[in-house]
Amino acid sequence: MRRPYHYSHAFSVSKSNVQSIFMVAVTSIVGTFLIIAMLTTAGNHHRFSSSVLHDWTKEAQSDWFIHLLGAENRSYLDATQNPSTPSLTTTAIELATNMNLNDPRTFLGREIPGFSGFDNTLVIAGQGTDFTNMPMESPPPSEEHQYEQPSTDGGERGETVDDDPPEISDEEPIIHLLHSHSRESFLPEIEGDDPNHQEINIVQVGNYLADNFREYGLPVEVSGNDIQQKLNERGWDYNQSYEISREILVEDMEEHDELKFFFDLHRDSVEREHTTATINGEVYARTFFVIGEDHPDYEHNLKMATEIHHRLEDRWPGLSRGVMTSGGAGVDGVYNQDLSPNSMTIEFGGVDNTFEEVYRSADAVAEVIQEYIYEELER
């Protein structure tokens with residue numbers, strides 16, 4: 001006798017499967033939203049950072065998007081330099097291996113110490129500038145210059161600089177000058193072979209540049225804070241310098257509502273041959289403009305840096321080494337420039353330049369920046 005089929009048993013199994021699938025789907029959706037929330041709400045300094053993924057998302061995503069549009073409108077493909085469909089295999093390999101097949105630097109970046117420093121993008125290359133002599137972050141000061149008072153007053157050169165810029169008016173400042181690596185110095189101006197000094201350093205360049213702006217009628221706020229000293233007091237590492245300078249910036253912005261233009265002044269670490277130019281018979285310390293690209297509005301900062309570069313080159317050919325964007329793994333990638341669209345980092349000379357050479361460049365930079373600022377204020 002044939003046994004009857006139990007429909008209730010079949011239904012219970014099917015119902016159990018549906019419940020399992022439903023729970024997996026809900027869990028996946030919730031998990032996806034949590035991951036997205038973590039990635040989008042985390043601060044710039046706490047997000048996952050991959051230089052290869054960073055560059056890939058800028059270029060590969062646009063290629064795929066254009067080709068998707070081109071599937072409906074051929075005009076989009078006709079306007080591209082590479083009308084062929086991007087390779088799924090190449091894309092998968094680049095994502096899986098963290099390597100860009102069109103950029104050999106990515107094959108060596110994790111094998112050679114310090115090689116990742118060449119991942120930055122050279123937006124504009126000045127005379128003689130290439131990937132071998134791009135700006136490099138200064139190493140931290142030696143323990144002697146981190147913790148001890150300097151044993152020298154700097155001689156005649158150091159004494160000629162007024163560390164306390166004169167107050168010319170009660171007008172609210174619109175320019176802010178900062179020095180995130182405040183002890184960066186110049187070897188010809190100090191004793192020893194450590195290009196860092198507690199008193200004779202890049203801050204003096206900031207004071208000199210500020211005096212130039214004041215002569216043009218532009219009120220300036222100069223932050224003379226010793227960032228290294230603040231790091232020492234908190235027991236923080238040198239790579240946290242921008243966290244300290246960010247606190248200073250935010251505090252000054254809250255105190256001075258009229259601040260609009262922000263410049264973080266640095267000294268490069270490359271050799272004299274790359275940071276020095278003779279123009280009309282005078283020796284200048286060359287400049288370099290660095291823009292952090294790890295924030296969504298960096299193109300506004302890049303636009304200003306590009307404009308300043310071109311203006312310098314029009315009057316002093318060879319003075320500017322170029323414009324560079326920096327982002328991805330191993331670097332700050334923001335440099336506090338997300339706080340204002342009128343913010344950038346300026347490298348003045350290198351370890352082998354003198355104050356005389358740097359000040360000559362500061363005169364030129366002040367001249368073109370003040371023109372740019374007045375034009376912006378009139379708009």
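The model is predicted, and local features need pLDDT of at least 70, side-chain atom pairs count only at pLDDT 80 or more, and totals for chains, interfaces and linings use all residues. Residues are numbered from 1 along each chain as its sequence is written, and side-chain values use heavy atoms, without hydrogens and water.

The packing angle of α8 and α13 (residues 355-378) is about 40°, and their axes lie 9 Å apart. Contacts (heavy atoms within 4.5 Å) join Q204, V205, Y208, L209, N212 and F213 of α8 to a set of residues in α13 including F355, Y359, A362 and Q370.

The loop between β2 and α8 (202-215) holds E184. This residue, E184, is buried at a relative accessible area of 2%, where buried denotes under 20%, exposed over 50% and partly exposed in between (1.4 Å probe, protein chains only). Beyond its neighbours within four places in sequence, E184 contacts S138, P195, N196, N201, I202, Y238, H266 and R267.

Helix α10 (residues 241-255) comprises 15 residues. Its buried residues are S241, Y242, I244, S245, I248, L249 and D252. Viewed down the axis of α10, these fall within an arc of 155° and so line one face of the helix; the arc is that of the directions from the helix axis to the C-beta atoms. E251 and E254, on the other side of α10, are exposed. The cover over the buried residues of α10 includes β2 (175-178), β3 (220-222), α9 (227-234) and β4 (261-266).

Notes: Helix = DSSP H or I, 4+ residues; strand = E, 2+ residues; numbered from the N terminus. Expected span 1.5 Å × (residues − 1). Axes fitted to C-alpha atoms, helices over the stretch in contact; angles between N-to-C directions.
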